[in-house]
Amino acid sequence: MLGTWTRTALAMTMVSAACTSGDNAADDDAGAGADDFDPLVDGKADGLAPEWTVVGRGVAYHRVNAGNAILIAYGGYSAKLAYSTAWATELVDAKLGAADVGHVYAVQGPADPGYNAKEIQNTRLRAHLKTIDNGAAGIYVVAHSSGSYVAHEMLGQMVRASTFGALARIAYANLDGGGSGLTDELVDSLREITFVYAHDPTLASGLSQNSSTAKALGDAYAPHATAFEVVVPSTGCVNGAGWCMHDVVITHRPHNHTTFDLAHDYTDFVNRTATTEYLDPLLPPP
C-alpha cells in the first residue's frame, strides 16, 4: 500500500481534457444552476427518450425490468444526459440485466473537466434512490473519466450521511477517471472498488489516457481496491492515441481513431462490443 502522501496526491489528480454531508445539508451540490431547472424542459432539450424521468439536474431514472438491483452510470466531461442514458441501457442489455439490475440512473457529464461548478443534483438522486431501494439489492456505480468526480461527490455525501448500509452494497468501477473526492473511509465503506484502464496489445503505445492514474489508485487503496486492465486487441485507435483508448472502457471499437467521441461511443454499439469485462469481478457469484 502506498503512503498517505501518495493517496492525497492522487486525490488531486485531474482528468485534464475529457471525459466531492448529510441528508439535510442544503449545499451538498448547490453549484451553478443547482435549483434552477425544469425536468420536462431539461429532458426535451437534451433529446431524452420519453421512458426516462428527470429526477434532478443532470440525473434521469428508468425502470427497465422487474429486477431489484440498481445501476448508476456517470458520464464523462461534456456527455449529454441522452448519451449517458444510451450507455447505461447498453450496460443493462449486455451484462447487468442478467445480474438483477432493474433500476437505472444515468447522469450527464460535468460541465468542466474538474467538476468545479458542482452543477449535478446528486442529492436528488439520493432522495429518489431511497424510494426504490429495497435495502438488500446490489448497487453498481460506474463512472467514466471526469464523471468519477461527480460519483465521488455522491459517495461522499453518503458517507457524511452515515448511510453505510447502502455503501456496503455498492460495487464501484472508476473507468479511466481520477481520484479527487476519494478518502480511505469512503473506499473502505464500499463492497468493491476497481480502477479500470484499457490496453490494446497490438499497439506499441496502446494504453488509455489515464492508465497510470488507474494503476496508481489501485495500489494506493489496496487491498480493498484493485486496478483492472481491459485488454482489447485491434481497437482501431492509432498508436499513442490515449484519448481514443480512453473510450475503449466504453466500447471495444471507438468511432474516432485519434480521440474520444462521446456522442457516438456512448450511443452507437452496432457491430461494436460494449465494454463490460470489468463488471465480472463486481458481480455476485452465480
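Which residue stands opposite A143 of β5? In this predicted model, the residue opposite A143 in β5 is Y74. The strands β3 and β5 run parallel and are joined by 5 bridges, while β5 also pairs with β6 in the parallel sense, over 6 bridges. Within the pairing with β6, H144 has L175 as its bridge partner.

The side chains of β5 are divided between two directions, with I139, V141 and A143 pointing one way and Y140, V142 and H144 the other way, and all of them are buried. Because 6 of the 6 residues of β5 are buried, the strand is largely enclosed by the rest of the structure.

## The nonpolar cores

The largest nonpolar core holds 45 residues, of which L71, W87, L175 and Y278 touch the most other members. Several elements each supply at least two residues of this core, among them β3, β4, β5, β6 and β7, and the largest share, 6 residues, comes from α3.

Leaving aside its neighbours within four places in sequence, W87 is in contact with a set of residues that includes Y74, V142, H144, L175 and Y278. A second, separate core has 39 residues, including Y172, I193, Y197 and Y221.

## Helix α5

Helix α5 covers residues 147–160, and because its 14 residues should span 20 Å at 1.5 Å a residue, the 20 Å between its end C-alpha atoms agrees with that expectation. The helix is mostly covered, with 13 of its 14 residues buried, and just after α5 the residue S162 takes a positive phi of about 60 degrees.

Definitions and conventions
Residues are numbered from 1 along each chain as its sequence is written. This is a predicted model: local features need pLDDT of at least 70, side-chain atom pairs count only at pLDDT 80 or more; totals for chains, interfaces and linings use all residues. Side-chain values use heavy atoms; hydrogens and water are left out. A nonpolar core is a set of buried Ala, Val, Leu, Ile, Met, Phe, Trp, Tyr and Cys residues joined through side-chain atoms within 4.5 Å. Buried means under 20% relative accessible area, exposed over 50%, partly exposed in between (1.4 Å probe, protein chains only). Helices (H or I, at least four residues) and strands (E, at least two) are DSSP runs, numbered from the N terminus. Contact means heavy atoms within 4.5 Å. The expected span of a helix is 1.5 Å times one less than its number of residues. Two strands pair if DSSP finds at least two bridges between them.
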